[in-house]
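I opened this model to look up how its parts pack. My notes follow the order in which I checked things.

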Amino acid sequence: MTARSLRNGQPVPLDDVPVLGVEEFRRGVLAAVAGGARIAALFGHPLDGAGVGLIAVLARGNEGTLSVSSTVVVDAYPALTPECAQAHWFEREVAEQWSIRPLGHPWLKPIRFHPPYRAGRDGAPGAAGGSCRAGVADFFRVEGGEVHEVGVGPVHAGVIEPGHFRLQCHGEQVLHLEIALGYQHRGVERALLGGPGKRTIHYMETLAGDTSVGHATAYCQAVEALAGAAVPARADVLRGVALELERLANHTGDLGALAGDVGYLPTASYCGRLRGDFLNMTALVCGSRFGRGLIRPGGVAFDVEAERTGELVERLERALIDVAGAVRLLLDEPSVQARFEETGPLSAEACVALGLVGPVARACGLQCDARHDFPSGIFRFSQVPLSTWHSGDVFARAYVRWLEIQRSAAFVREQLATLPEGPTRVERKPLGAEALVVSLVEGWRGEICHVAMTDARGRLSRYKIVDPSFHNWMGLAIALRGQQISDFPLCNKSFNLSYCGHDL
Amino acid sequence: MLKALAARLRQGRRTIAFPDPAPSLSDRFRGRPLLDQAKCAEPCSACADACPTDAITRDGGELRLDLGRCLFCRECVDACPEGALSYTHDHRLATRGRADLVLGSGAFRLATAFGEESRRLFGRSLKLRQVSAGGCNGCEADVNVLNTVVFDLGRFGIEFVASPRHADGLLITGALSENMMLALEKTYAAVPPPKIVVAVGACAISGGPFLDHPEVHNGAQDLVPIDLYVPGCPPHPLTILDGLLRLLGRM
């Protein structure tokens, strides 16, 4: 057996994860990806001896199955990236975290700029001069008389997170964009080891503040699976409602921001307000606009009484009418269409090769959505239709968001009308020892993947977090090639990726 | 054009009045915590043990809660067998001093206004550059919201500008990651004096959930002098607005 097959949220004993020779591991991963699988996670974990375990989690969306395999590496191994582009960012992370050199990696540079986690090692392979200072890297440069370089960030012009972008331009045309992140790195994965502790759930809610519900749900699913806890039906529904409210708020905000980036102010101002209306609906449930304190292991910490449910539905209907009006105004406007269409295009082939996820992938026509492919919680029983569009440009990314707004709203409406009775939370139980679980949730940016592993005492020996942005940042870089530099903000907003979710 | 006008009419006026009448918030909103010292029985330390950021201490029998560290979760409230801790709906939380953020048996001291000279300079027009330095983007999101039609920050003469050179000060969020040290230092230096600094959120004040991580510096205060502390995780937009207006002497 070259890989252990498992489902979303199904714990398996660590001993069941095959440990292969490096060559066999590589062949298995490459063959699976060639056969249509996507790398959901590829990460190192410390072993007792000299080596580092390398674990690959592959997702087969059309089958609804995941598979996991592993190998052991000490200092170096032949990189997957030359034959499998979607391993590119993962292998850079492995190199940086564990000071392992993926041989033949064509673009080996730090992604977060921190010292390696492995004792006795300093400096990541590929770091400029062995430095791990943020932004100090060998940036790609295009040479030529009329070529110029534009640097942006880490401190941006708007109220946005920090990141550094280098654009190689010929006149107005962008030849290449390089993205250097890590400014938001605060060491969350390292701090999670040995847990769960009293801060664990708070780390989850602050991995990416705008995805508090998504990440907290992924975490709770993981620990509930490891503890063998069954979440009450009512809690499953409330989690689903909160997840879709998070999607509604962010998608609405994104459409407003896209309108703002092309100077179409009516929709920009309406959607700015409407995003807040959705956030306030989440606050009506749990007191926090971002859903802080709502999702807890074993269920949810707040129930909704009939009166509150009625108020939620009423607010939802009112907001939807206004969102529909604001979005129609935007998408019907010829000057907006002229800016959105054919801007920042991404082909379905590039999307598959890079392993992109979420609305970005669905805007290239890819049928992928963890709610549909790897359903968990309420999504096992109540499906949300897939929303796709084919053109892969800014318009498609905007339009898919609008389709998803409508479908999320229909879902919330339906769920609140048929809210099952019963408790909202069960007691916490200790986690099972020496086990591994993969937990997937479709956050508003795409697939959130958490992989939890426990030691002999049931403590977390490794907790890997893959925010959808981790997959998608490279997509933005590719989408910008050949574009006008003035369209950079618009393209960037159409992806709207997380810096903190990436930097951890 | 006509469709845009029709939509404009349908959307209506959405800007809220501020500060009067008092804003309506969710009945579950967690505002300034209330400590009932009489109910707190030694030697119990259930609340302090439950607090994820060690914000709660007991000093000479007095229960103290540091709002600068508080994540406004419910761990302490749920842990206390006597019900000595509870949340009010009061969104006003900003202070001028770090020590003022520590709730105890004394009265809570909300932020006071600048001196006359600073009020003359900034009172009617305050331009801020925001620096995000190692957080979760929650504070940024609720700072950004102040620019929507709902809060309409511009009507108070406060505006976020694109360059520190155009700014009167910084609004800092995040625990100050090591990777943002240099950028924050340079951005602060680029603001022409006299300049002010506003720290928004538990991260920027104390490190928040990332307190004592080697990757962060437990907030911005060791690098830059702070004029206004706005606690919360993240603070409600009204909390931030209230703090800014207090500082400017307009509340």
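I began with a helix pair in chain A. Helix 6 of chain A and helix 15 of chain A are roughly antiparallel to each other (angles under 35 degrees count as roughly parallel, over 145 as roughly antiparallel, 65 to 115 as roughly perpendicular and the rest as oblique). Their axes come within 9 Å and cross at roughly 175°. Axes are lines fitted to C-alpha atoms, for helices over the stretch in contact, with angles from 0 to 180 degrees between N-to-C directions. Helix 6 covers residues 233-261 and helix 15 covers residues 488-495. Helices (H or I, at least four residues) and strands (E, at least two) are DSSP runs, numbered from the N terminus.

I listed the residues that meet. Helix 6 of chain A brings Asp254(A), Ala257(A), Leu258(A) and Asp261(A). Helix 15 of chain A brings Pro489(A), Leu490(A), Lys493(A) and Ser494(A). Contact here asks for C-beta atoms, placed from the backbone, within 7 Å. By class I noted 4 nonpolar, 1 polar and 3 charged residues. Ala, Val, Leu, Ile, Met, Phe, Trp, Tyr, Cys and Pro count as nonpolar, Asp, Glu, Lys and Arg as charged, and the others, Gly among them, as polar.

A note on the source: this is a predicted model, where local features need pLDDT of at least 70, side-chain atom pairs count only at pLDDT 80 or more, and totals for chains, interfaces and linings use all residues. Residues are numbered from 1 along each chain as its sequence is written, while chains are lettered from A and ligands numbered from 1 in the order in which they are written.

Next I took the domains of chain A. The assignment gives domain 1 (1-111) and domain 2 (188-503); such bounds come from an automatic or database domain assignment. Their C-alpha centres are 26 Å apart. Domain 1 of chain A puts 24 residues into the contact, and domain 2 of chain A puts in 27. On the domain 1 side, strand 2 (12-13), strand 4 (38-46), strand 6 (65-73) and helix 2 (88-98) of chain A each supply at least two residues. Strand 4 of chain A has the largest share, 6 residues. That side of domain 1 has 15 nonpolar, 8 polar and 1 charged residues.

Then I checked where the chains meet. I found 47 residues of chain A in contact with 49 residues of chain B. On the chain A side, helix 4 (200-205), helix 7 (265-286) and helix 8 (306-331) give two or more residues. Helix 7 of chain A gives the most, 9 residues. The chain A side divides into 24 nonpolar, 15 polar and 8 charged residues.

Chain B has 8 helices and 10 strands. Its C-alpha trace spans about 65 × 45 × 35 Å along the principal axes. I looked at one open sheet of 3 strands, order 2-3-5, with antiparallel pairing. Strands pair if DSSP finds at least two bridges between them. Strand 2 (56-59) and strand 5 (102-103) of chain B stand at the edges with a single partner strand each, so one side of each lacks a neighbour in the sheet. Strand 3 (residues 62-66) of chain B is joined to strand 5 of chain B by 2 bridges. Leu65(B) has Leu103(B) as its bridge partner in strand 5.

Definitions and conventions
Contact = placed C-beta atoms within 7 Å.
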